[in-house]
Amino acid sequence: MDQQVVVGIDFGSSRIKAAAYRRDGRVVGALSAATPLAVTAEGDDFLVLRMLEEAASLVRGLDLPRGAVAGVGLSSMGEVGTILADGVLADIAFPSWYDGRGAEVVALLERRWGADELRRATGNHARPASTVAKLGHLAGRERLPEGMFLGLCGAFAWQLTGRPWQEAGLAVTSGVYDDGRAGYLRHVWEDAGLSGIELPPVRPAGHAEAASTPLALDLGLADGAPVVIAGHDHPVAAVGAGVRRGEVADSMGTGEALIAVVDAADDPRHRDAALAADPYISFEVWPPTGEPLVVWERMRPGLAMRSFVEHSGTDRASLEAHAPASASTGAVDEAVSLALERGEDGGLAPTAASWAAIIEYYVALANRGQRIVREIAGAAGPTVLTGGGLRSPRWRRAKALRGRAPMVVSTIEETVTRGCAAMAGAAAGWWTDAQSMPGAERVSIGVHAVADMDAAVARIGS
């Protein structure tokens, strides 16, 4: 029997996950662990070296035979990373993407280079969540070692191959990568106080390096097995969910991103106009092919809901059970939602009705984002729903009733690890491309069909 597998690893904001897949697309093992964090007065810090150790521990825990891993794919939340200095990865506590640290760095760069020019050149990634903002913030507070910055995926890939690199989708999240010209804005990086830190070389989508280190062999990788940096987590999740060109991916979770592939031949002035018209539009890279990807990411509903639960003194299950079937969004507006996303109470009454109002607000906001993304990408296909938010009966009911386009639910439970595995399998020659990986089933949802939605969600992971 063929015991070979490909492994996908997801460095997430709340959990790190590893899963092994056979050639037929079936999962043969999956593990996860809480993302190592240090909670400080300023915000959450990601403990990078511990995150890398946790990922290695999870792969060991899959208990795969030596040499059974035919390939590994890696994805992460994006901008988080460390510095490779003299052959050693620095022990860095990296500020979380979801707090405001680094805003002062972005303000400085906008004064020097112009906010409009930075938005255009970086696809709207020169913002507080970016590497340049977070690392620049750290450089203003402490002495950082000189060396090469590596994102989480790049650092783990280096541990497995001995080669440092990045792929374009994650390079974009640095906030200093001009995807249109395929190069870094090094002057912007240096102006953030990072002149002593190099940026990694960027490789094309799907690029693989051969596993060769003692750690790789210890984790069960075959000698020379391809190691692929799959890309940024939301686009990789779309790959794992079986999203295709012409469709819109809607990942319901901590942050709810709406994404669609854009025609690579599109006039670049159309991109510039979109960036100028909406501050929540950004452009990234479709992981399997390197095509441009439009992203609308105004929403962080998972953060807002978590804040409300913490401030309400009520458990989530009780809020779900007592939330009214219909609710006005009048209690929630832009200011309230942003306050909740910052961890404040938003001034809402601690009731199940407020819980329903939060959900209804974000579903309406997602519908607005869909219209914007579809217009830019020319996407006329269905919306593909994925993410942990589907576990909320109240949230998915609102999606079903308020939907403005045909919808399908992906039955894939762990879309990011599967997207990583799909790209690793393609690099290993298991299938012709990442989207040919078997097992990406979807269930269509009828118009306003709450029962269809519930039945589809029940099939996730089956």
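Contact here means heavy atoms within 4.5 Å. I keep that in mind for the entries below, and I note that this is a predicted model.

**Entry: His137**

I started with His137 and asked which residues it touches, not counting those up to four places away in sequence. I found Glu42, Pro95, Arg101, Gly102, Glu104 and Val105. His137 itself sits in helix α4, residues 131-139. Buried or exposed, I wondered about His137? Its relative accessibility is 9%, and the cut-off for buried is under 20%, so His137 counts as buried. I also looked for a polar partner: the His137 side chain makes a polar contact with the side chain of Arg141, at 3.2 Å.

**Entry: Trp97 and Ser13**

Next I went to Trp97, which I located in the loop between β9 (93-95) and α2 (103-113). With 14% relative accessibility, Trp97 counts as buried. I listed what Trp97 touches, again leaving out residues up to four places away in sequence: Ser13, Phe46, Met77, Glu79, Ala129, Lys134, Thr254 and Arg300.

Which side chain does the side chain of Trp97 meet in a polar contact? It is that of Ser13, at 2.7 Å. I then looked from the other end. Ser13 lies in the loop between β1 and β2. Beyond four places in sequence, Ser13 touches Thr35, Phe46, Met77 and Trp97. Phe46 and Met77 turn up in the contacts of Trp97 and in those of Ser13.

**Entry: aromatic rings**

Phe46 made me look at the rings. Phe46, Trp97 and Tyr98 form one aromatic cluster. How many aromatic pairs are there, taking ring centres within 6.5 Å as the rule? I get a count of nine. One of them is Phe11 with Phe156, edge-to-face, at 6.0 Å centre to centre and 70 degrees between the planes. This pair links distant parts of the chain: Phe11 is in strand β1 (residues 5-11), Phe156 is in helix α5 (residues 152-161), and they are 145 residues apart. I found Phe11 buried, and Phe156 too.

I then took Phe308 and Trp355. Their ring centres are 6.3 Å apart and the planes stand at 35 degrees, so I put the pair down as tilted. Phe308 belongs to helix α11 (residues 301-312) and Trp355 to helix α14 (residues 352-377), so the pair ties together parts 47 residues apart in sequence. Phe308 has 2% relative accessibility and counts as buried. Trp355 is buried as well, at 0% relative accessible area.

The charged end of Arg298 sits over the ring of Tyr280, 6.0 Å from the ring centre.

**Entry: second largest pocket**

Last, I turned to the second largest pocket, whose volume I have as about 510 Å³. Which residues of its lining lie nearest the centre? They are Val27, Ile412, Glu413, Gly461 and Ser462, out of 23 lining residues. I also checked which elements give two or more residues to this lining, and I noted β2 (15-21), β3 (27-34) and α16 (415-427).

Notes. Residues are numbered from 1 along each chain as its sequence is written. This is a predicted model: local features need pLDDT of at least 70, side-chain atom pairs count only at pLDDT 80 or more; totals for chains, interfaces and linings use all residues. Side-chain values use heavy atoms; hydrogens and water are left out. Rings of Phe, Tyr and Trp (its six-membered ring) pair if their centres lie within 6.5 Å; planes under 30 degrees apart count as stacked, over 60 as edge-to-face and the rest as tilted. Helices (H or I, at least four residues) and strands (E, at least two) are DSSP runs, numbered from the N terminus. Buried means under 20% relative accessible area, exposed over 50%, partly exposed in between (1.4 Å probe, protein chains only). A charge sits over a ring if NZ of Lys or CZ of Arg is within 6 Å of the ring centre and within 35 degrees of the ring normal. A polar contact is a pair of N or O atoms within 3.5 Å; within protein, one must be able to donate a hydrogen and the other to accept it, and residues adjacent in sequence count only if both atoms are side-chain atoms. On a 1 Å grid over the protein atoms alone, a cavity is a set of points where a 1.4 Å probe fits but cannot get out, and a pocket is an open set with protein on both sides within 12 Å along at least five of seven lines; lining residues have an atom within 4 Å of a point. Grid points are joined across faces, edges and corners, and a volume is the space filled by probe spheres set on the points.
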